[in-house]
Amino acid sequence: MKHWFSRNAYRESAVNVINYEHIILENLPEFSMQQLYMPEEFRVFISSFERPTEKSRMEYLSVFSHSHFFIPEIFKDLKKVIVLDDDVIVQRDLSFLWNLDMGDKVNAAVKFCGLRLGQLRNLLGEAMYDPQSCAWMSGLNVINLEKWREYNVTENYLQLLEKFRNNDDEASLRAAALPISLLSFQNLVYPLDERLTLSGLGYQYGIEEKVIRTSASLHYNGNMKPWLELGIPNYRKYWKRFLARDERFMDECNVSP
């Protein structure tokens with residue numbers, strides 16, 4: 001990765017590639033490596049209580065993994081970070097987000113009101129939550145680290161982790177990511193404009209081309225990633241145009257253009 005960035009200019013951007021696992025083990029030795037994951041995706045089947053005749057639908061909900069909750073510990077000197085998932089491409093300038101006034105909120109995210117917490121009551125158990133509160137999506141997030149520390153989000157996360165994981169195996173830890181992410185940011189989510197990022201390009205057919213072209217970023221959440229052969233053909237071109245085809249490293253990687 002360091003070699004890649006040394007050969008490609010990104011204007012005046014400062015690129016810092018870190019060994020995330022090493023930092024966690026060095027600074028947080030009490031945590032298991034099993035807790036280090038990329039953003040998590042969950043298939044959620046949604047039924048409408050208001051309209052019982054409406055067909056159920058499946059959505060991929062992207063949320064923070066356990067790793068995200070260590071960001072304030074890793075970047076102790078930072079006050080704000082912008083987090084992009086690894087399956088997001090950026091089509092427009094997002095630098096204005098750095099000056100976004102989030103008030104007292106911690107996590108700026110696109111809300112997903114197609115799913116409300118009340119529809120997850122079997123998953124959330126007896127935890128306190130507003131049943132009408134919308135879910136939110138990872139992918140493009142602005143995090144106010146000062147407010148994160150003020151509201152003790154990491155500490156609350158650790159308490160929820162003990163409550164929701166059944167044991168220390170990988171399956172239990174990964175399954176706990178959904179309820180923990182949603183509950184950790186109760187009343188702390190600042191709603192981003194939906195035009196800033198478009199989700200669903202890794203599973204949802206029929207998204208209009210105009211909507212894709214006008215979105216500031218595209219999130220290929222779902223199992224049909226654009227670099228895989230099973231990627232949805234109509235959406236792959238938006239990812240392919242960012243490939244550096246003359247780089248030998250692209251040929252050596254298992255990329256299916």
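Buried means under 20% relative accessible area. By that cut-off, 46% of the 257 residues of the protein chain count as buried. The model is predicted.

**Figure 1. Overview of the protein chain.** The secondary structure comprises 10 helices and eight strands. The accessible surface is about 15,100 Å². Carbon and sulfur atoms account for 50% of that surface. Among contacts between residues at least 6 apart in sequence, 68% join residues at least 24 apart.

**Figure 2. A salt-bridge network links E41, D87 and K225.** The count for the model comes to eight salt bridges. K225 takes part in two of the contacts shown here, one with E41 and one with D87. In the bridge to E41, the closest N and O atoms are 3.1 Å apart. K225 lies in the loop between strand 8 and helix 9, and E41 in strand 1 (residues 40–46), so this bridge ties together parts that are 184 residues apart in sequence. K225 counts as buried because its relative accessibility is 12%. E41, at 27%, counts as partly exposed.

**Figure 3. K225 also bridges to D87.** The closest N and O atoms of this pair are 2.6 Å apart. The bridge links distant parts of the chain. K225 sits in the loop between strand 8 and helix 9, whereas D87 sits in the loop between strand 3 and strand 4 (88–90). The two residues are 138 residues apart. Both K225 and D87 are buried.

**Figure 4. D104 and K147 meet through their side chains in a salt bridge.** The N to O distance is 3.2 Å. This pair, too, links distant parts of the chain. D104 belongs to the loop between strand 4 and strand 5 (107–116), and K147 to helix 5. They are 43 residues apart. D104 is partly exposed, with a relative accessible area of 47%. K147 is buried, at 17%.

**Figure 5. The side chain of N144 reaches the backbone nitrogen of K147.** The distance is 3.1 Å. N144 is placed in strand 6 (residues 134–144). N144 counts as buried because its relative accessibility is 13%. Neighbours within four places in sequence are left aside for the contact list. With those set aside, N144 is in contact with K79, M102, K105 and V106. K147 is the residue that also carries the salt bridge to D104.

**Figure 6. W148 and F185 form an edge-to-face aromatic pair.** A pair of aromatic rings is described by the distance of the centres and the angle of the planes. The model holds 10 aromatic pairs. For W148 and F185, the rings are 5.5 Å centre to centre, with 70° between the planes. W148 lies in helix 5 (residues 145–150), and F185 in the loop between helix 7 (170–184) and strand 7 (189–191), so the pair ties together parts that are 37 residues apart in sequence. Both W148 and F185 are buried.

**Figure 7. The rings of W227 and W239 form a tilted pair.** Their centres are 6.2 Å apart and their planes stand at 55°. The pair links distant parts of the chain. W227 is in the loop between strand 8 (217–219) and helix 9 (233–240), and W239 is in helix 9. The two are 12 residues apart. W227 counts as partly exposed, at 27% relative accessibility. W239 is buried, with a relative accessible area of 12%.

**Figure 8. Ring pairs link seven named residues into a cluster: F64, F69, F70, W136, W148, Y157 and F185.** W148 and F185, the edge-to-face pair, both belong to this cluster.

**Figure 9. I82, L84, V90 and W98 form a nonpolar patch on the surface.** Together they have about 340 Å² of accessible area. L84 lies in strand 3 (residues 80–84). L84 is partly exposed, with a relative accessible area of 41%.

Notes:
Residues numbered from 1 in each chain as written. Predicted model: local features only at pLDDT ≥ 70, side-chain atom pairs only at ≥ 80, totals over all residues. Heavy atoms only, no water. Patch = residues over 30% accessible without salt bridge, like charges linked within 9 Å, V, L, I, M, F, W, Y side chains within 5 Å. Areas by Shrake-Rupley, 256 points an atom, 1.4 Å probe, with all protein chains shown as cover. Salt bridge = Lys/Arg side-chain N within 4 Å of Asp/Glu carboxyl O. Helix = DSSP H or I, 4+ residues; strand = E, 2+ residues; numbered from the N terminus. Buried < 20%, exposed > 50% of the residue type's maximum accessible area, 1.4 Å probe, protein only. Phe/Tyr/Trp six-rings, centres within 6.5 Å; stacked < 30°, edge-to-face > 60°. Polar contact = N/O pair within 3.5 Å; in protein donor to acceptor, adjacent residues only side chain to side chain. Contact = heavy atoms within 4.5 Å.
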